[in-house]
Amino acid sequence: MTPYSQQANFGGEYLIAADLTASVNYMFVRGVKLSRTRNANLLPPIALTLQNAASLGILNPTPQQIGREVFGPGRINPGFNDIFLLENSASSTYNGATLSLTVG
């Protein structure tokens with residue numbers, strides 16, 4: 001399917017004084033069915049512990065890594081390291097706002 005985006009924005013302007021104007025604007029953008037690659041040859045991730053770190057190829061894990069999921073060195077098809085699939089399953093979202101004051 002073809003990727004696409006949706007956009008919405010609105011804003012307002014207010015005259016504070018004869019020479020001072022304030023404006024505020026908001027924008028929303030959403031990307032749908034965006035392309036991405038995924039390695040389809042990875043085994044399910046494993047929670048990293050001090051006990052399994054060496055077998056996963058992580059010799060000195062940091063405290064921030066402990067408990068997080070990592071991919072081990074094993075592969076579903078051991079004849080290949082990486083098998084990448086191109087998919088259109090990614091998405092993105094952007095929310096933005098601006099506030100400005102104009103003198104003059």
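Colleague: Among contacts between residues at least 6 apart in sequence, what share joins residues at least 24 apart in this protein?

Modeller: The share is 65%, where contact means heavy atoms within 4.5 Å. The model is predicted: local features need pLDDT of at least 70, side-chain atom pairs count only at pLDDT 80 or more, and totals for chains, interfaces and linings use all residues. Residues are numbered from 1 along each chain as its sequence is written, and side-chain values use heavy atoms, with hydrogens and water left out.

Colleague: How many helices and strands does the protein have?

Modeller: There are 0 helices and 5 strands; these are DSSP runs numbered from the N terminus, helices being H or I of at least four residues and strands E of at least two. The order from the N terminus is β-β-β-β-β.

Colleague: Why is the protein called more spread out than a compact globule?

Modeller: The radius of gyration, taken over C-alpha atoms, is set against a globule rule of 2.2 Å times the number of residues to the power 0.38. For 104 residues that rule gives 13 Å, whereas the protein has 24 Å, well over it, and is therefore more spread out than a compact globule. The C-alpha atoms fill a box of roughly 70 × 40 × 15 Å along the principal axes.

Colleague: Why is Gln-51 called exposed?

Modeller: Relative accessible area, with a 1.4 Å probe and protein chains only, counts as buried under 20%, exposed over 50% and partly exposed in between. Gln-51 has 72% and is therefore exposed. Gln-51 lies in the loop between β3 (46-47) and β4 (69-70). Buried residues make up 16% of the 104 residues.

Colleague: What makes Ile-16 partly exposed?

Modeller: Ile-16 has 45% relative accessibility, so it counts as partly exposed. Ile-16 belongs to strand β1 (residues 4-17).

Colleague: How do you know that the side chains of Glu-87 and Arg-38 are joined by a polar contact?

Modeller: A polar contact is a pair of N or O atoms within 3.5 Å; within protein, one must be able to donate a hydrogen and the other to accept it, and residues adjacent in sequence count only if both atoms are side-chain atoms. The contact joining Glu-87 and Arg-38 is 2.8 Å, and another, joining the side chains of Glu-87 and Ser-89, is 3.3 Å. Glu-87 is in strand β5 (residues 84-103). Apart from neighbours within four places in sequence, Glu-87 is in contact with Leu-34, Ser-35, Arg-36 and Arg-38.
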